[in-house]
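Please look over the sequence and the three-dimensional model before reading on.

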Amino acid sequence: MMQNFNSAAPSRWQYWVVERPIISLLITMLIVFSFGFGTSKLFFDGDYRVFFGDDNPQLLAFEQMQNVYSKSDSVSFIIAPKSGKVFTRETLNQVHEMTEAAWQTPYSTRVDSITNYQHTQAEADDLLVEDLLLEPETLDPAKIEQIRQIALTEPNLVNKLIGSAGDVTIINVTVQLPEIDPLTEGPAVAHFAKELQAQFHQRYPDTEIRLSGLVMLNDAFATYAQNDSSTLVPAMFLLILIMLAILLRSVLGTLASLAVIITTIAATLGVSGWLGIALTTPTVNVPTIVMTLAVADCVHIISSLLLAMRNGQTKQQAIYTSLAQNVKPVFITSATTAIGFLSLNFSDSPPLRDLGNLVAVGMLFAFLFSVTLLPALLSLMPIKVAAKTKPSNAMTRFANWVIAKQKPVLVCGLLIVAGLASQVPNNQVNDDSLKYFSTDTTFRQDSDYMAQHISGMTSLEFSLESGQSNGINHPEFLADLAAFTTWLRQQPETDHVSSLSDTVARLNKNMHGDDPAQYRLPTQQELAAQYLLMYEMSLPYGLDLNNQINIDKSATRVVATFKNLGSNEILALEQRANDWFATQAPHIKVSISSTSSMFAHVGERNMSSMLMGTAFALVLISALLGFALRSWRLGFISLLPNILPGLAGFGLWSLVSGEINLALSIVSSLTLGIVVDDTVHFLSKYQHARKQGQSSEQAVIYAFNNVGRALLITTLVICVGFAVLTQSNFALNADMGLLTAIVVFIALVIDLLILPAFLLVFDRTPATAKPSTEPSTQLNINAATQA
């Protein structure tokens, strides 16, 4: 049985867009140019600090510590001779030469290596302080053995600048960027480091040279994000074109969609430029995400157009029919998707907030261009579709199967989802900034190598305040400092601890004729002060104690490096340290900071804040759906297919990985706005049929036939779009893309199985057709043929 539903007469703007397409295109191009010009103001910021707001407590503590002591931004040259022996004439010569050359690094303030380590020894009543390797030409087997003995027994060197096995060594360059032009200063340092690496690799081919450190971390953020934008975005464009051409079976429809995609991206990025929002590692994905989501609007409009033409309508009639059917649901889906992304403003990380805001703006542009630019182009294009006397019944057969198996489908579906959802608690929030990068990246490989042979990149910096000027020389303070240093070294995660107590103990030994029994702290404050004064006066420029002692000598910094740890382990270690001070040295004020600490805390806070954001977005979206569909009952029903995909997706993720990092913490909010799209389109078609007097079974068939294929196409495109992100070298993007694709696919299954089964079981109220009071254009919207 065929049934015709009349649509309302086209509105003035619809008539204008379709009947005056040239003028519509010119106006649209003017809008695009006005916003798109802002792309000329875009810039990329690869500094890891962008992940933290200006009021982030850990960032403030970190900056305060760097203001008190020296900066800790650095480049580490990891030197690994293929022979496995650092203490050879050739390798020591290389380290000496590279140490000297490294002083030319832009903005360098300090260079540390085993060759320029300030070794102290007694000479009569004097304290002799000099480089461990002062004159390379004097190297002979005896001198090399002496250097080896000293380097492998000095606590300030082992597992910091030299591996305990003597097979790998590090040259560490500390830089202090003036921060006048942050976009060029860090890259200049990284560029110099890479050139120095290449230069010495050519001179010493039997030695492997790797790079790590915070400067190289920043460089990796920028490099791999820019690589993603230059490879993944073009790949996504190509995939979308191919998929649309195959799935829509319309080359012209594909080209029209491409025009909407390009204008949407241009306008969105233009807004970013006008507002001065920097491109960062997360926001570089805006074009890919916007492109993927904009396609959904185009697919629904074009699919309805092609379906209407196959049912015998002219192209012009079909455009009006498609707009009448889709403007409202497309607007609702654009609005709900925007709300989902706007909920990222609950995030504790600024670039994630920028990502949400820009994608939300992109969704509004996508809606605008989908209902103006797209129909204008379609009206100009010579689209021809052969009319079919019998509509395809694939969706009808599937709908009938769901109707026949409604209760088993509903029960089994809910049980499977519940089973997956029960695994959600097995996920743990755990951020490891090193794991932000794929194991295929050079930075990750070099940092992993350093962690295996010397020490990891995870660090914590402790500032211990005595509370009085020159208080660090007090015997009680030094005893507490030494006790804390010992406790830190006993922790299973610890690789190295750099502490002033080691230096003072060594100086005490030196001033007692290098008697090993005197390697201990002095018992008099005046004596400790004299030792440090003599030592500081003997140190060359750039190798002083400013990185360990503040100006009035009331506080000292202890720096500990650990195996590469996740956020949970870092936070637990911080808590153990605070507990130690609370019980063992409550009179010492201690502050803890580091980049590792910053990432650990922001990841933990971000998860809790995003749960609030998701709950807020869920309530707002459901209320919007109830209002837009003029049915609070359907708004409440929409909660089911909106909540379940996220629960099932995160449950499945616990079986895949089980770790939730900074990027994955936003997926619940991100996907909420996306999965609503399928729900809106299905419920709007279902509601339309019900209002025309159809039973719930007939309404389900109608919804499947009018929107089922479009939902398949859009979901496939979205899944493939986010799956492209899994190829990113930046693991945050790759994980976010994979989990989002999983959740979106699960949402499709729920919308095509559980949602219709739920409606069939619980929506048993008889439908009554309400006559339309609006004028009719006599455009036929063919309902499905009920089997």
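Predicted model: local features only at pLDDT ≥ 70, side-chain atom pairs only at ≥ 80, totals over all residues.

## Helix α2

Helix α2 covers residues 21-36, and at 1.5 Å a residue its 16 residues should span 22 Å, which agrees with the 21 Å that separate its end C-alpha atoms. The residues of α2 that count as buried are P21, S24, L25, T28, V32 and G36. When the helix is viewed down its axis, these buried residues fall within an arc of 95°, so they line one face of α2.

The other side of α2 carries L26, L30 and F33, which are exposed. The buried residues, for their part, pack against four helices, namely α1 (12-19), α8 (251-275), α11 (350-370) and α12 (373-380).

## Salt bridges

The count of salt bridges in the model comes to 16. One of them joins E97 and R203, whose closest N and O atoms are 2.5 Å apart.

Because R605 lies in helix α20 (residues 595-628) and D348 in the loop between α10 (315-342) and α11, the pair ties together parts that are 257 residues apart in sequence. R605 has a relative accessible area of 25% and is therefore partly exposed, while D348 counts as partly exposed at 24% relative accessibility.

The side chains of D495 and K563 meet in a further salt bridge, at 3.7 Å from N to O. D495 is found in strand β10 (residues 494-498) and K563 in the loop between β11 (555-562) and α19 (567-584), so that this pair links distant parts of the chain, 68 residues apart. D495 is buried, with a relative accessible area of 16%, whereas K563 is partly exposed, with a relative accessible area of 42%. Elsewhere, D47, R49 and D73 are linked in a network of salt bridges.

## A sheet of four strands

The model contains an open sheet of 4 strands in the order β3-β6-β2-β7, with antiparallel pairing. The edges are taken by β3 (108-112) and β7 (207-212), and each of these has a single partner strand, so one side of each is left without a neighbour in the sheet. Neighbouring strands of this sheet are turned against each other by 15° on average, with direction ignored.

Strand β3 is joined by 4 bridges to strand β6 (residues 169-175), and the two run antiparallel. Within this pairing, S108 stands opposite V175 in β6.

## Helices across the sheet

Which helices lie across β2, β6 and β7? One is helix α7 (residues 214-248), which lies across β2 (74-81), β6 and β7 and runs at about 100° to β2. Another is helix α15 (residues 442-453), which lies across β2, β6 and β7 and runs at about 105° to β7.

Note on methods:
Residues numbered from 1 in each chain as written. Heavy atoms only, no water. Expected span 1.5 Å × (residues − 1). Buried < 20%, exposed > 50% of the residue type's maximum accessible area, 1.4 Å probe, protein only. Arc of directions from axis to C-beta. Contact = heavy atoms within 4.5 Å. Salt bridge = Lys/Arg side-chain N within 4 Å of Asp/Glu carboxyl O. Pairing = 2+ DSSP bridges. Axes fitted to C-alpha atoms, helices over the stretch in contact; angles between N-to-C directions.
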